[in-house]
Amino acid sequence: MFSAAQLIEAFNVCFLTRFKTVLVGGADEPLYTPSSDGVAPAIIYFRLDYPSSALHEISHWCLAGKQRRLLEDYGYWYETDSRTQQQQTLFEHVEVNPQAIECILHWAAGLPFRVSVDNLALVDYDATPFQQSVYRQVGNYLNTGLPERSLTFAKHLLAYRLPNIDFNEFIRQQYENYSR
């Protein structure tokens with residue numbers, strides 16, 4: 001199981017040189033800031049020292065294209081956790097891909113994964129349909145391939161933890177276990 005400090009080290013090993021991006025914990029709120037001068041690295045901040053927050057923010061970074069990575073928080077909107085049902089549906093629609101990648105990163109890091117609806121205002125909310133969508137997308141990624149940075153990081157995490165395990169076989173087994 002990876003600690004936040006180990007995830008920071010692993011991320012920086014994988015991406016600092018090639019993408020000039022670092023992972024930093026301890027933030028009150030997650031935030032991505034692009035390089036302000038092209039020399040200093042871009043920074044992915046995650047909440048406090050929570051490994052799950054780090055993996056969630058990394059998953060967004062892994063999906064963000066070159067132009068998005070030039071914008072603070074990739075230029076995305078964010079609604080607070082008091083979203084209406086309609087806003088929640090839109091939120092979940094855009095969160096399927098990053099949370100599917102986050103799921104795979106959690107498995108590779110040996111950490112438990114659960115979807116995040118990120119909305120405390122919806123009392124007794126049933127996240128099952130969203131969870132099913134995320135797991136379907138995990139299956140799609142297993143069939144079509146993960147985005148390059150996601151694959152690089154997931155393989156790095158698993159190789160660090162279990163150096164003699166085949167990545168594809170391991171992830172497929174995890175998927176089968178969670179899809180039951």
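Analyst: His56 lies in helix 2 (helices are DSSP runs of H or I, at least four residues; strands are runs of E, at least two; both are numbered from the N terminus). This is a predicted model: local features need pLDDT of at least 70, side-chain atom pairs count only at pLDDT 80 or more, and totals for chains, interfaces and linings use all residues. Residues are numbered from 1 along each chain as its sequence is written, and side-chain values use heavy atoms, leaving out hydrogens and water.

His56 counts as buried because its relative accessibility is 15% (buried is under 20% relative accessible area, exposed over 50%, partly exposed in between, with a 1.4 Å probe and protein chains only). Not counting residues up to four places away in sequence, His56 touches Glu95, Gln99 and Glu102 (contact means heavy atoms within 4.5 Å).

Next, Leu55. Beyond its neighbours within four places in sequence, Leu55 contacts Leu7, Glu102, Leu105, His106, Ala109, Leu111, Phe153 and Leu157.

Leu157 belongs to helix 5. Leu157 counts as buried, because its relative accessibility is 0%. Its contacts, leaving aside neighbours within four places in sequence, are Phe2, Leu7, Ala10, Leu55, Leu105, Ala108 and Ala109. Leu157 and Ala109 are 48 residues apart along the chain, yet 5.4 Å separates their C-alpha atoms.

Now the helix pair. The axes of helix 3 (residues 85-109) and helix 5 (residues 148-161) come within 8 Å and cross at roughly 20° (axes are lines fitted to C-alpha atoms over the stretch in contact; angles run from 0 to 180 degrees between N-to-C directions). Helix 3 is therefore roughly parallel to helix 5 (under 35 degrees; over 145 is roughly antiparallel, 65 to 115 roughly perpendicular, the rest oblique). From helix 3, Ile101, Ile104, Leu105, Trp107, Ala108 and Ala109 make the contact; from helix 5, Ser150, Phe153, Ala154, Leu157, Leu158 and Arg161 do. These contact residues divide into 10 nonpolar, 1 polar and 1 charged (Ala, Val, Leu, Ile, Met, Phe, Trp, Tyr, Cys and Pro are nonpolar; Asp, Glu, Lys and Arg charged; the others, Gly among them, polar).

Finally, the core. The largest nonpolar core holds 47 residues, and Leu55, Phe153 and Leu157 have the most contacts inside it (such a core is a set of buried Ala, Val, Leu, Ile, Met, Phe, Trp, Tyr and Cys residues joined through side-chain atoms within 4.5 Å). Elements giving two or more residues include helix 1 (4-19), strand 3 (42-47) and helix 2 (51-63). Helix 3 gives the most, with 9 residues.
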